[in-house]
Each structure stands twice: as C-alpha cells, then as structure tokens.
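Here are some friendly notes to read alongside the model. Take the points one at a time, and keep the structure open as you go.

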Amino acid sequence: MSEIGNDGVISYELKEFKLFEPLFKWARKKSLWIVAFCTGCGGIEIPPLATARYDFERFGIMPNPSPRMGDLFLITGYVTPKTLKRIIITYEMMQDPKYILAHGSCPINGGVYWDSYNVVKQLDRYIPVDVAIAGCMPRPEAVMDGIMEMMRRIEDGTADGWKRYRENYEYYRRNQDELFGEGWREKEARRWLAWI
Amino acid sequence: MADLEVPNELRREAKEHDMYLHPIDRDTYELFFGPQHMATENFSIILKMDGNRIEKAIVNPGFLHRGFEKLAEGRPYFTNIALLLRICVPESDVPENIYSMAVDEIVGWEVPERAIWIRTTVLEMARVSAWMFWIMGFGNEIGLYTPGQWAAAYRERFMRLYEELTGGRVYHIYTVPGGVRRDIPGDRWLRQLRDTVEYVKGKMKDFDEILFDNYITFERTEGVGVMDKRFALKHAVTGPNLRATGVPYDVRKDDPYYLYDQLDFEVPVLKEGDSLARVLIRRYELEQDLYILEQLLDMGPPSGPYMVQDARLKALPRFKPPKGDAYAHVESTKGDFGAYVVSDGSHKPYRVHVRGPSQSHGVTVLEELLKGARLADVPVILKTLDNCPPDIDR
Amino acid sequence: MDMNEKNVEEKVEESRPELPDTREGRLVKALIEKAPYAEGSVRRERRVEFRVSVERIHEFLELASETFEMLMQISVVDWIKEGEFELVYQLWSVSESVHAFVRTRIPRENAKLPTVMDVWPVAETYEREAHEFFGIIFEGNPRLGPFILEEREYKKHPLRKDFNMLGHVKAIYGEDFDRYDESKTNYVI
Amino acid sequence: MIDWKLILEVIGILLYATFMGFIFMGIERKAMARIQRRVGPPLYQPIIDTLKLLGKKESISHGFIYDFGPVFALGASIAALLFIPIANFQLFSSNADLIVVAYLLEVPMLGIMLGAMSSGNPFSAVGVQRGLLTMVAMQLPYGLALIALIQHWGTFKLSEIVALQGAQGWSVTVPALLIAMIVFDIVFQAMLGLEPFDIITAPAEISMGPMVEYGGKHAAILFTQHAVQIFAETAFFAVLFLGGASNLLELLIKQIAVLFIAIFVASIYPRFTIDQAAKFFWKWPTILGIIAVLLTV
C-alpha cells in the first residue's frame with residue numbers, strides 16, 4: 001500500500017507456502033471477515049444476517065471495522081462515483097486474498113437506477129467482482145447463498161478476483177481514471193490516508 | 001444549457017470555509033470519520049481534532065445520491081412508488097405514504113376507509129421496526145451489543161408480517177396513490193400482528209433493564225450534544241429530537257392524517273435536550289406506537305374496497321392527474337418527512353421534492369453539536385440524532 | 001381528510017381572494033396587513049399560501065418567521081417554458097399548526113436571491129442543495145459549492161429540466177443499458 | 001547443562017496455554033452469541049481465524065518498530081505465563097514473582113502501543129492515547145488489590161500463596177480479600193479488553209484503535225498473544241483468589257468460571273468513555289481497594 005500514488009503499481013510479496021496452502025484455503029473459507037462498509041441500501045439486510053434469525057457468525061463470518069483484516073467486501077447495493085473512490089481505496093487497503101460479493105441488481109447493471117446520472121452502471125469494470133447476487137433487495141437467504149457460493153469458490157480456487165486485479169491492473173486503472181479523471185488518487189486519496 | 005458559474009468571490013469564500021484545504025497545524029489533526037466506519041454508515045464527517053476534543057466538524061454527505069428527484073420526473077406516477085421508497089431504507093413505507101398522500105390530494109381522491117386503516121397500520125409497523133433498528137444502532141455505538149441483537153430479531157417478526165402483507169421484506173411497494181396494492185391476507189394475519197405486538201410489549205422490560213435504565217448509558221448520554229428549544233426550532237429539527245427540547249410537535253397530532261385524530265396516544269416531551277432526553281423520548285415513543293397498534297387492532301379494519309374506484313386507474317401507465325401541487329408530511333421515527341409534488345397535467349410528475357428529516361438535523365445541527373464534543377461522543381450524537389444519510393443525499 | 005384543493009392557475013386569476021374566517025384565514029390576514037406587497041390565500045385546512053416578489057422575499061420571510069418558526073424545505077421548481085425558477089419556501093408554524101407555501105419566481109438566467117440563513121440557520125443546507133442542483137446563487141451563503149455531488153455533476157446542475165440525463169449517462173458509462181423494449185428501439189422504464 | 005525436562009515442560013505448557021487461550025476466546029464468542037440468542041461460531045473459530053490471518057499475503061510494513069511491537073507483546077505474555085504456577089508446574093520462580101507477573105501482564109499492551117504508534121494512523125494514535133490512560137487509571141486499584149493480598153498472606157511468592165490458600169481456605173473466604181477480589185475483577189475487565197472498558201479498541205468510535213493498521217501475519221501474532229494473555233490472566237486470577245489448582249482440570253474449571261463472570265459483565269454494560277473510565281477507576285475500585293488494605297493491616 002505504501003507504493004500507492006507513486007507509480008500506481010502495487011507491489012506484492014509473491015511467496016506462497018505451497019505446503020500449507022490446502023490448510024489456509026480451508027481456513028479462508030471458514031473465516032470470512034466482512035469489511036464494515038455498507039455501500040448502499042443493502043446494508044439494511046446485514047443486521048438481520050448477523051442476528052438471531054440468520055446468524056452468519058455460525059460460519060465464521062463477522063464484520064470487522066478495519067479493512068486491513070477484512071477478507072470479504074460486501075458491495076451492498078448501488079455504487080455512486082463518490083463511494084466508488086472509497087471502495088477502490090478500501091479494496092486496495094485490504095490484504096490478499098480478498099473477495100468481493102456484489103449484492104443486488106444495481107452493481108450488475110444499474111438496476112432501477114439504470115438511467116441515473118450518479119450511479120455506476122457496471123461495477124465489474126472498476127474492481128473485480130467474485131460473486132454477484134441478483135435481486136432488489138436480495139433476501140438474507142440469497143445473501144447467505146451468495147456467501148456459500150463464495151466459500152465453494154474459495155475452496156476450488158476460482159474466487160480469484162484479487163489475482164485478476166493484480167494481473168489486469170492496467171485495465172482497471174484505466175477504467176477508474178476514465179470515470180474519475182486522471183490523478184484522483186493523488187488529489188483525494190492522499191488526503192484520506194495521509195499517513196501512508 | 002446556460003452554464004451558470006459561481007462568481008469567483010463566492011468560490012473563494014466557500015474554500016476558506018472548508019478547513020481541509022488548510023494545512024494541518026501541528027497540535028491538531030484531521031480525522032476522516034467514515035464512510036468506511038462502523039458508526040457512520042455511508043456518511044463522512046471530517047473532524048478537526050485538538051487532542052480528544054473536536055474543534056470543527058464538516059459533514060460530507062453524498063455517498064448515496066442517486067438523483068431520485070430527477071429520476072421521478074422521468075417515470076409515470078405509479079412507477080415512482082417503486083423508486084421513491086428507496087429514499088428512507090429503514091422505514092420505506094414513509095416515502096410511499098407521503099408521495100401517495102400528495103398525489104391523492106392533487107387528484108382529489110377520497111381514499112377508502114379500509115385502505116386508510118391499512119396505511120395507518122403499516123406506518124405504525126414501520127415505526128416499531130425502525131425503533132428496533134434504532135435500538136440496535138444505538139446499542140452498538142455505545143458498545144452494548146446484546147439488546148441490539150434481540151431488537152433486530154424482534155424486527156424480523158415484523159418483517160415476516162410485512163412479507164405476508166406486501167410480498168417484500170424491506171421495500172414493500174405497497175401504498176400507492178388511491179389506496180393500497182392488495183388486501184389484508186386474512187384474519188390470521190391480524191392475529192399474528194396482535195401476537196407480535198404483545199410479544200414485543202412484553203420485551204420492553206428487558207430493554208429497560210439492560211439499555212434504558214443502565215448506569216453507563218446515562219453516563220454516556222447525559223449532557224452530551226445539548227440543544228435548546230430556540231436552536232432546535234431555528235434549525236428545523238423535528239421528531240423526537242425536537243420533542244426532547246420541550247416542543248410538543250408531532251405531525252400525527254398537529255396535522256393529523258389517516259386515523260390519527262381518532263386514536264388515543266400521547267406525545268412524550270422532555271425538556272433537557274441532551275442525548276439522554278433523545279434516547280428516553282424514543283423509548284417512550286416505542287411504547288406509544290405499540291399502544292397505537294393495539295388500538296388499531298381493537299378497531300379492526302373497516303370493510304369496503306382497499307383501492308379507490310376510478311376509471312382512470314384502468315390504464316395505469318397513462319394515468320394523468322390534474323394540474324396542481326401538494327405537500328404532504330408524516331411523522332417518521334426520524335422526524336417530519338415531507339414530500340412536495342407538482343403536477344403539470346402530464347403522466348409524469350413535474351417535480352417531486354422530498355424533505356428528509358436528516359436534512360435539517362444531519363448537517364448544520366450535527367456540525368454545531370459536534371463542536372467541542374469528545375471523539376467518543378461522535379457516535380452517540382450521531383445515533384441519538386438518528387441521522388439517516390439517504391435522507392440527505394436522495 | 002379535507003381535499004378541497006384549488007389549482008394554481010385559478011388562484012393567479014383571483015386578484016384578492018376572500019379569506020375565510022378560520023384560523024388560517026386570520027393568520028393570512030394578519031400577515032398580509034403587515035406585508036401588503038404579498039398575496040395570500042388559504043388552500044385548505046392547515047395549508048396557506050403566499051406569493052411574494054423576489055425583491056422583498058427576505059423581508060417577507062423575516063416577518064413570517066415570527067409566526068412560522070420552522071423552515072421545512074426550499075423546493076425549487078424549474079418552469080422551463082416560462083423561463084423561471086419557482087422557489088417554494090415550505091414553512092411550518094408549530095404554535096398554529098399551519099403549513100405555508102411562500103412562492104417566489106426568479107428568472108432562470110443568472111438566478112440570484114438573498115439568503116435566509118440569518119433568519120433560519122438551517123437554510124444553509126437547503127440553499128446549498130438548491131444551488132447544487134439548480135445553480136441558483138444565494139447571496140450571503142458562504143458554503144455554496146459541491147455538497148452532495150462531485151465536481152463533474154455539480155457543474156451541470158442535474159435537476160434542471162434542460163439537463164440531458166440519458167446523454168450524460170451514455171457519455172460516462174457507455175451506451176449499453178440493456179433496457180430496450182422488444183423492438184430494440186425505445187428504452188423501457 | 002540443558003534442563004531437558006524444563007524445556008519440554010515449557011513447550012508443553014505453551015502449546016496447552018495457546019490452545020486453551022484460543023478455546024477461551026471461542027467460549028467468549030460462543031457465550032456472547034448465546035446471550036444474544038444466536039447459535040454462534042464453533043469453539044475453535046479463533047484458531048481458524050488465526051490460521052487464515054497467517055495465510056494472508058502482506059504488502060505493508062511501517063518499519064521495524066511496527067513489526068517488532070506484536071512480537072514484543074507476545075514475548076511478554078509468554079514470560080508472564082511462565083511465572084504463574086499452572087497446576088503443579090511452576091516453570092520459573094523468584095522471590096517476588098507476584099510483582100513480576102502483575103507487571104509482565106501489562107507489558108503486552110505497551111508492545112501493541114509501540115507498534116501502533118509507528119503506523120501513523122490517527123485512529124491508532126487515539127487508541128494508544130486511550131490505552132496508556134487506561135493503564136495509568138487501572139494501576140491504582142490494581143496495586144491496592146495486590147497489596148491487600150500480599151499483606152494478608154505475608155508473601156510475594158505465588159506458590160506460597162497457593163499453598164497457604166490450600167491450608168487456610170481460599171482468599172475469597174476472607175472478607176477483606178473478597179473486597180480485593182471485586183476490585184481485581186473490575187480491573188480484570190479492562191485487562192481483558194472487554195466492556196465496559198473496551199475503550200482501547202472501541203469499534204464504533206476508533207475502529208479497533210491500535211489494531212486498525214495491523215492485518216495478516218501481524219494480526220495473527222496479536223491474536224496468539226491475546227490467547228496466551230487470556231490464559232495467563234485467568235490463571236493469575238484463579239491462583240490469587242480461587243486457591244490455585246492441583247491439576248490442569250481444576251485450573252480449567254476455575255479459569256472458565258472467571259471468564260464467564262467477565263463475559264456476563266461485558267454483555268450487559270456499554271462502554272465508558274476514557275475520562276469516565278479513569279474517574280470510575282479512581283473512585284469506587286480505589287475506595288474499595290483502600291478498605292481492603294486497611295482491613296488486612
């Protein structure tokens with residue numbers, strides 16, 4: 001993260017412990033921590049999910065206030081450009097492996113806000129989405145199903161959004177710059193994260 | 001279009017007002033509170049801190065702006081219901097109702113009695129479930145997770161009833177101009193509602209013991225974020241926040257809509273105007289709302305149609321109300337929620353303007369109250385004001 | 001609910017409408033006597049209406065603030081055919097339980113208005129919003145500028161009627177909406 | 001000459017303590033969930049969490065101190081653990097090991113503070129500020145409770161305190177020490193970082209405070225440290241006031257009893273603000289502590 005804003009390339013340690021990888025995969029599946037960032041109206045369905053009726057803590061899922069420790073980013077609903085900036089920065093602050101679950105119709109194609117001037121139409125162009133749930137608003141069961149799908153994908157290794165983001169960083173970066181204008185990171189993100 | 005530029009002198013003034021353009025002094029620092037934060041939910045406050053005290057707070061909303069008012073101008077009257085209810089997520093029935101009331105007034109429809117009863121019941125259910133949500137939010141902000149978890153589970157009971165009545169959990173798309181979209185499923189639903197109300201009423205004691213009568217809750221909220229009556233009126237603070245300063249203004253009493261002039265309920269008023277008063281007011285109101293629901297159930301739904309009988313409703317997408325405008329408002333848990341609808345006689349509204357209660361207490365009032373507060377008070381003030389960011393952004 | 005509403009057009013024709021002898025009527029009469037430049041009428045129970053020219057709007061609102069304690073909203077309506085913005089100050093009187101619409105019209109081009117922040121501090125938010133979405137300048141409000149919107153949308157003042165929303169969306173997010181009817185010609189809402 | 005038995009015992013106790021510490025964290029989460037009428041995660045959930053954090057790829061560091069802080073904290077926790085007589089094992093011993101343990105248990109906080117300070121995040125800075133103030137605030141009642149205990153038993157040696165309790169009954173049965181235990185229990189809440197004294201992490205205020213910048217392997221070390229710390233603290237409590245233990249099972253039962261008190265208190269009280277907490281510590285627990293000390297004179 002310390003490299004952000006200099007040349008736009010994020011450096012990664014690529015050391016992988018091949019021996020322990022199956023164990024880690026299992027652990028990743030069983031302990032998904034959600035970044036506490038409700039990005040839209042879908043945030044209203046997170047408290048029911050966390051409480052008695054649905055209780056996702058059974059599966060080791062719990063909200064975590066710090067993006068550094070988070071694994072799962074729930075994009076709960078439509079994304080406005082103003083939020084997308086924060087989403088991108090938060091996503092880049094999270095440490096690999098990290099997963100994105102897009103929640104509702106709006107991140108897929110705009111949903112009811114398909115003609116709104118302030119709603120991002122295709123979230124997939126700006127950050128990699130691993131699993132998307134359709135519906136407005138998706139029922140908690142649907143969200144649970146999405147999380148289960150995410151767990152399955154983590155297990156068989158197809159939840160590779162973080163790898164795609166790293167490999168196709170140019171593409172994502174270009175789309176982001178097209179939307180926000182060049183140099184938005186230096187202008188704005190530096191102010192939010194002055195200590196980095 | 002004529003591009004209207006802001007004059008330069010205005011712009012410079014605006015810049016000086018925004019403190020984040022100034023270099024940070026050494027003994028003070030700035031804190032970006034939200035939107036990635038547990039307390040603020042889609043809302044950002046830029047705090048200029050001096051140690052543990054807040055010197056200045058700048059509210060930075062807009063993370064949820066979808067341009068509803070513009071979108072509503074491009075959609076027919078009845079389609080707008082499915083759009084506008086998204087303004088207030090925790091109680092989505094409120095925007096439905098204000099919009100429907102305003103259109104009813106423009107058209108001149110007398111909504112049938114049965115529909116009125118259903119609308120009142122739905123609104124009160126929305127209020128109770130919003131209070132449950134608020135208990136969860138407030139508990140989480142001050143670090144007491146237990147009652148919140150219970151409350152969110154009780155809210156699920158109302159969600160189940162909503163599902164049976166309307167088909168939706170969060171967004172109901174139920175109240176439409178001229179009535180409601182469908183009838184009550186049957187007497188079983190009414191019985192279930194009564195059971196739920198009884199159940200939640202029985203749980204009030206638990207909430208009292210653990211949250212409202214807790215020594216540390218008092219410590220945390222007493223004397224925090226005090227406003228006086230004059231300040232609240234000048235800042236158009238409404239709802240429980242205004243009643244906590246000693247003004248007995250409740251839309252249900254002062255501008256009665258639906259069945260509220262036939263119902264017997266009290267408007268709790270406290271004088272202190274601090275966070276504790278706001279917390280307690282909300283607790284009393286929850287009790288009152290449960291009482292209102294009981295009265296409504298005792299009254300029972302009147303028989304008759306649930307939708308107004310009008311030939312124009314045959315061709316809904318091309319439904320055209322006459323020219324005119326109307327302002328309707330209801331009492332939501334956050335305050336006075338109003339909508340101003342202008343019709344130019346076409347099949348789309350000419351202008352829909354929604355007044356969210358957080359618009360008044362979520363920006364200037366919040367900035368004023370945060371001045372001089374401690375960092376630990378920020379979530380308390382935010383939650384006792386019951387700030388709802390989508391109201392501000394729309 | 002009392003629904004005896006009147007159309008806007010009708011009221012313009014009535015030069016001096018008869019004020020009924022109700023609480024609302026007396027309220028309007030008292031205010032009109034103090035401010036003879038304003039037109040006042042009663043719309044229905046608990047709804048009164050005033051029309052004031054833009055030059056004296058601040059003066060009138062200051063006067064009205066004695067009875068109407070709260071400024072609930074400033075609604076702007078863009079009457080593009082007439083080339084005017086209509087500003088509706090929604091006032092509420094806590095003591096009298098009456099809602100008042102105070103209407104004023106300003107030309108669309110170079111719309112300027114005095115701020116009412118000194119009367120109701122909350123007007124700051126409403127004015128910022130009205131400025132942002134319509135480009136109306138409230139003289140004396142120090143915080144006009146991007147508030148809810150980002151810079152790019154702010155410059156276009158999106159709630160104006162001549163803002164081409166679909167064109168703007170197409171320019172930024174691409175052409176493909178996936179919202180056509182069966183003939184693939186028209187957008188479906 | 002290498003004492004192989006001691007080394008084996010150290011490794012065994014460490015493994016046991018870490019594992020049981022994780023289970024204690026699991027119990028904490030599970031019990032909270034049951035109070036909140038949920039099913040809750042499995043008891044071994046913290047182990048999975050730590051494994052997952054270990055498996056993360058880290059791309060950040062804020063310098064040597066940032067990396068050193070968690071290790072320092074873990075080391076201090078382990079050192080404290082080794083001085084406590086755990087059942088029939090007391091690995092290290094000195095004449096004043098009560099004082100040593102009492103202060104070694106506070107050092108980990110300093111380690112976390114050290115690392116957090118170098119991360120530069122303002123939330124961390126506020127958290128550190130709060131953490132240090134909490135430490136200062138809780139020293140007084142903490143010290144008073146320990147003084148009462150030492151005065152009553154007349155020794156600084158933990159093993160002797162255990163032996164004396166075995167002979168004359170648990171400390172709790174002595175009225176003065178019962179008061180001291182109440183004081184210690186209040187302080188204990190702050191040492192575990194639970195409500196009403198979870199001011200340091202306060203998720204809704206400063207989003208995890210010192211831990212906000214830690215992720216991946218750093219966080220895994222901090223988790224392990226927390227596990228060892230919980231084990232050591234509950235064992236310390238059991239040794240001081242509940243008569244120690246002659247075998248691991250007895251100790252475990254006493255530890256879980258102590259833990260449950262902490263969980264129940266935590267689930268019914270909200271969080272203090274930092275100034276209220278300091279005021280609170282210097283008021284009731286201090287008064288009670290002074291009474292306890294005076295009674296034991």
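**Notes on the model**

1. Let us begin with a pair of neighbouring strands. In chain B, strand 6 and strand 7 run antiparallel and are joined by 8 bridges. One residue pair to look for is B:Ala328, whose bridge partner in strand 7 of chain B is B:Ala339. Please keep in mind throughout that this is a predicted model.

2. Next, look at chain B as a whole. Chain B has 16 helices and 8 strands. Its C-alpha trace spans about 70 × 60 × 35 Å along the principal axes. Of the 394 residues in chain B, 61% are buried. Consider also the contacts in chain B between residues at least 6 apart in sequence: 70% of these join residues at least 24 apart.

3. Chain B can also be read in parts. It is divided into domain 1 (8-60) and domain 2 (68-393). The C-alpha centres of these two domains of chain B lie 31 Å apart. Where they meet, 14 residues of domain 1 of chain B are in contact with 16 residues of domain 2 of chain B. On the domain 1 side, strand 3 (residues 53-60) of chain B gives the most, with 6 residues. By class, that side has 8 nonpolar, 3 polar and 3 charged residues.

4. How do the chains meet? There are 5 pairs of chains in contact, and chains B and C share the most contacts. Here 49 residues of chain B are in contact with 43 residues of chain C. Several elements of chain B each supply at least two residues to this side, including helix 4 (93-107), strand 6 (324-331), strand 7 (336-343) and strand 8 (351-355). The residues on the side of chain B that touches chain C divide into 19 nonpolar, 14 polar and 16 charged.

5. Chain C also touches chain A: 13 residues of chain C are in contact with 9 residues of chain A. Helix 6 (residues 165-173) of chain C gives the most to the chain C side, with 6 residues. That side divides into 8 nonpolar, 1 polar and 4 charged residues. Chain C and chain D, on the other hand, do not touch, and their nearest C-alpha atoms are 24 Å apart.

6. Finally, find a single residue. C:Glu45 lies in the loop between strand 1 (39-44) and strand 2 (47-51) of chain C. Is C:Glu45 buried or partly exposed? C:Glu45 counts as partly exposed because it has 15 C-beta neighbours inside 10 Å, and 20 or more would be needed for a buried residue. C:Glu45 and C:Arg23 are 22 residues apart in sequence, and their C-alpha atoms are 8.9 Å apart in space.

Note on methods
Residues are numbered from 1 along each chain as its sequence is written. Chains are lettered from A and ligands numbered from 1 in the order in which they are written. This is a predicted model: local features need pLDDT of at least 70, side-chain atom pairs count only at pLDDT 80 or more; totals for chains, interfaces and linings use all residues. Two residues are in contact if their C-beta atoms, placed from the backbone, lie within 7 Å. Helices (H or I, at least four residues) and strands (E, at least two) are DSSP runs, numbered from the N terminus. A residue is buried if 20 or more other C-beta atoms lie within 10 Å of its own, exposed if 12 or fewer, and partly exposed in between; C-beta atoms are placed from the backbone. Ala, Val, Leu, Ile, Met, Phe, Trp, Tyr, Cys and Pro count as nonpolar, Asp, Glu, Lys and Arg as charged, and the others, Gly among them, as polar. Domain bounds come from an automatic or database domain assignment. Two strands pair if DSSP finds at least two bridges between them.
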